[in-house]
Every structure is written in C-alpha cells, then in structure tokens.
Amino acid sequence: MLVEIFTDGAARGNPNGPGGYGVILSYIDPKGVKHEREFSCGYKKTTNNRMELMAAIVGLEALTKPCQVRLYSDSKYLVDAFNQKWVDGWLKKNWRRGKNEPVKNVDLWKRMLAAKGPHDVEFIWVKGHAGHPENERCDILATSAADGDHLMDDVGVQM
C-alpha cells in the first residue's frame with residue numbers, strides 16, 4: 001500500500017524558541033477509500049531541523065505494517081541527509097557538521113532509521129510547498145503547535 005506523508009516543522013524564527021511539527025499521513029485503502037491522519041505537537045527549545053525530523057519520525061511510527069512510503073518535506077537538509085547517506089557518516093564514522101549539529105541529532109536520526117524499518121521510503125524535497133497543499137496544511141499545523149505545547153489534532157483511522 002502506498003502511504004504519503006507530508007511534514008513540516010516550525011521554530012518560530014528562534015533556534016532556542018518554541019518549535020512544533022505538523023504531519024499529515026494520507027493513504028487509499030484496498031477498497032479505494034482515502035484516509036488521512038493529522039498530528040500536531042509543540043516542543044520547546046529546539047531547532048527547525050529537529051522539528052522536521054520529528055515530523056518524519058512520527059509519520060513513520062504511525063504505520064503498523066510495512067508500506068511503500070513517499071515522505072515529502074520542504075527541508076532540503078533533511079531530505080539530503082537521508083538520501084545522500086550523510087546519516088551513515090554521522091552515526092558510523094562520527095562525522096561533524098557545523099557546530100556539532102549531528103551530535104545533537106544522533107538520537108533522532110537513530111529513531112528515524114528505526115521508524116523507517118521495514119518500509120520502502122522515498123524522501124522527496126518539496127520546494128516551498130509548491131504543488132502540495134497538504135504540505136501547506138502541515139505548515140499551519142506546525143505553526144499552531146509552535147504557539148502551544150500540546151496535541152492539537154489527532155484524527156483518522158488506525159492502520
């Protein structure tokens with residue numbers, strides 16, 4: 001089954017300020033019925049990259065059986081890190097990037113790789129949400145989450 005996951009993170013312009021993530025998980029069941037599940041949650045004291053990564057993790061962790069997944073993100077950093085195997089270097093070879101950024105993110109990257117697990121994941125960069133209104137909805141969810149610190153929305157069906 002093909003599952004599309006649209007992610008977004010918002011740090012509200014301050015790397016040490018409130019950050020939130022938004023996720024929309026969308027799929028069509030074997031009977032041809034479209035289902036959607038939306039998540040939005042706020043976290044404090046974090047960066048936009050971590051929020052984008054959290055959104056991807058939460059989307060993947062919501063899947064209970066192996067699926068073909070298209071994961072959309074407007075974070076070029078996140079998509080490149082995943083597709084170009086930078087993560088392997090950070091985790092296995094102890095590479096450094098910038099101000100030791102991977103060191104902060106190692107826990108999330110390990111969780112991301114565990115969440116990917118049995119799924120066939122294709123990570124796609126969406127420049128500025130163009131052509132993907134679902135990603136724009138994620139942006140709204142993420143911004144709402146950054147203003148709060150609680151679950152904003154959790155609707156849908158169990159997979």
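Helix α1 holds a run of buried residues: Arg 50, Met 51, Glu 52, Leu 53, Met 54, Ala 55, Ala 56, Ile 57, Val 58, Gly 59 and Leu 60. Buried here means under 20% relative accessible area, with exposed over 50% and partly exposed in between (1.4 Å probe, protein chains only). The model is predicted, so local features need pLDDT of at least 70 and side-chain atom pairs count only at pLDDT 80 or more, while totals for chains, interfaces and linings use all residues. Residues are numbered from 1 along each chain as its sequence is written, and side-chain values use heavy atoms, leaving out hydrogens and water.

**Helix α1**
- Because 11 of its 14 residues are buried, α1 is largely enclosed by the rest of the structure.
- Helices (H or I, at least four residues) and strands (E, at least two) are DSSP runs, numbered from the N terminus.

**The nonpolar cores**
- A nonpolar core is a set of buried Ala, Val, Leu, Ile, Met, Phe, Trp, Tyr and Cys residues joined through side-chain atoms within 4.5 Å.
- The largest one has 33 residues, and those with the most contacts inside it are Ile 5, Tyr 21, Leu 60, Leu 71, Trp 109, Met 112 and Phe 123.
- Helix α1 gives this core its largest share, 8 residues.
- A second, separate core of 6 residues includes Phe 6, Tyr 72, Val 126 and Leu 141.

**Aromatic pairs**
- Rings of Phe, Tyr and Trp (its six-membered ring) pair if their centres lie within 6.5 Å; planes under 30 degrees apart count as stacked, over 60 as edge-to-face and the rest as tilted.
- Searching the whole structure turns up 2 such pairs.
- Phe 6 and Tyr 72 are stacked, at 4.7 Å centre to centre with 5 degrees between the planes.
- This pair links distant parts of the chain, with Phe 6 in strand β1 and Tyr 72 in strand β4, 66 residues apart.
- Phe 6 counts as buried because its relative accessible area is 2%, and Tyr 72 is buried at 7% relative accessibility.
- Phe 82 sits in helix α2 and Phe 123 in strand β5, 41 residues apart.

**A closer look at Ser 73**
- You can find Ser 73 in strand β4.
- Ser 73 has 0% relative accessibility, so it counts as buried.
- Its side chain reaches the backbone nitrogen of Ser 75 at 3.0 Å.

Conventions: Polar contact = N/O pair within 3.5 Å; in protein donor to acceptor, adjacent residues only side chain to side chain.
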